[in-house]
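The sequence and structure are shown first.

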Amino acid sequence: MYGVVSPMFEEGKTLINRLAERQTIVIAHKTFHIGYIGRENIVVVEAGIGKVAAAISTTLLLSNFKIDSIINAGSAGSLNKYLHVHDVVIGKELVYGDADATVFGYSIGQIPKQPARFVTNEALSQGIYKSIVDQGLKKIQGLIVTTDLFLGEKKIRENIVKNFPDGLASDMEGAAVAQVAHHFKVPYTVLRVISDEATDGAGVTFDEVIDEIGDEVGNILINYFESLS
């Protein structure tokens with residue numbers, strides 16, 4: 001069984017609407033959509049925005065369903081000058097962009113007693129990567145930086161890029177999902193479609209394209225699950 005953690009309804013709606021035999025249940029104020037694509041049994045949770053919401057939802061998902069793999073899927077801001085709106089990033093690594101315990105000898109972005117970076121499952125990541133068949137979408141794998149910040153100012157973006165020069169995209173949930181999955185020892189990956197440039201005016205761009213981004217996220221996942229059948 002696959003668990004899909006979707007921060008916003010807009011980011012999960014296309015996948016949710018394609019679920020066959022769909023059932024919906026609410027656990028601790030979180031909505032879970034259960035169904036099938038092909039032979040694959042899938043649970044999509046509307047997680048909410050931010051690290052805490054993502055961690056709560058992922059924990060509920062893993063505690064209430066027999067989940068074999070976790071996919072966190074949604075939008076992200078670009079941290080790389082070559083990545084633009086509608087391009088796709090698959091996370092190979094996740095790190096907290098607003099964590100700093102370096103005074104105790106930890107790496108920047110590392111939570112004490114946690115890995116410096118959370119590494120996604122290679123087979124799962126590659127499977128989703130190969131499911132991106134739209135030739136108009138640039139696709140790349142690499143580091144995703146998670147913060148509780150929507151990057152809508154140039155100076156904030158520059159600070160993140162300074163600390164994580166190999167960062168490709170910035171989201172608000174990925175590393176939290178990764179940490180919970182790591183704790184439960186469940187394979188995971190993160191799929192993000194770029195919704196904005198993570199700089200001045202990003203909020204306007206995000207609002208204009210989020211429905212399209214949700215469609216693209218959903219279609220990539222549908223292609224992946226259908227490829228397994």
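## Chain overview

Of the contacts in the chain with a separation of 6 or more, 76% are accounted for by residues 24 or more positions apart; contact means heavy atoms within 4.5 Å. The model is predicted, so local features need pLDDT of at least 70 and side-chain atom pairs count only at pLDDT 80 or more, while totals for chains, interfaces and linings use all residues. Residues are numbered from 1 along each chain as its sequence is written, and side-chain values use heavy atoms, with hydrogens and water left out.

The secondary structure comprises 6 helices and 10 strands, which are DSSP runs (helices H or I, at least four residues; strands E, at least two) numbered from the N terminus.

## Dimensions and burial

Along the principal axes, the C-alpha atoms fill a box of roughly 50 × 40 × 30 Å. Buried residues (under 20% relative accessible area, 1.4 Å probe, protein chains only) make up 53% of the 229 residues.

## Packing of H2 and H5

Helix H2 (residues 51–64) and helix H5 (residues 174–184) have axes that come within 8 Å and cross at roughly 30°. H2 is therefore roughly parallel to H5, a term for angles under 35 degrees.

Terms used: Axes are lines fitted to C-alpha atoms, for helices over the stretch in contact, and angles run from 0 to 180 degrees between N-to-C directions. Angles under 35 degrees count as roughly parallel, over 145 as roughly antiparallel, 65 to 115 as roughly perpendicular and the rest as oblique. Buried means under 20% relative accessible area, exposed over 50%, partly exposed in between (1.4 Å probe, protein chains only).
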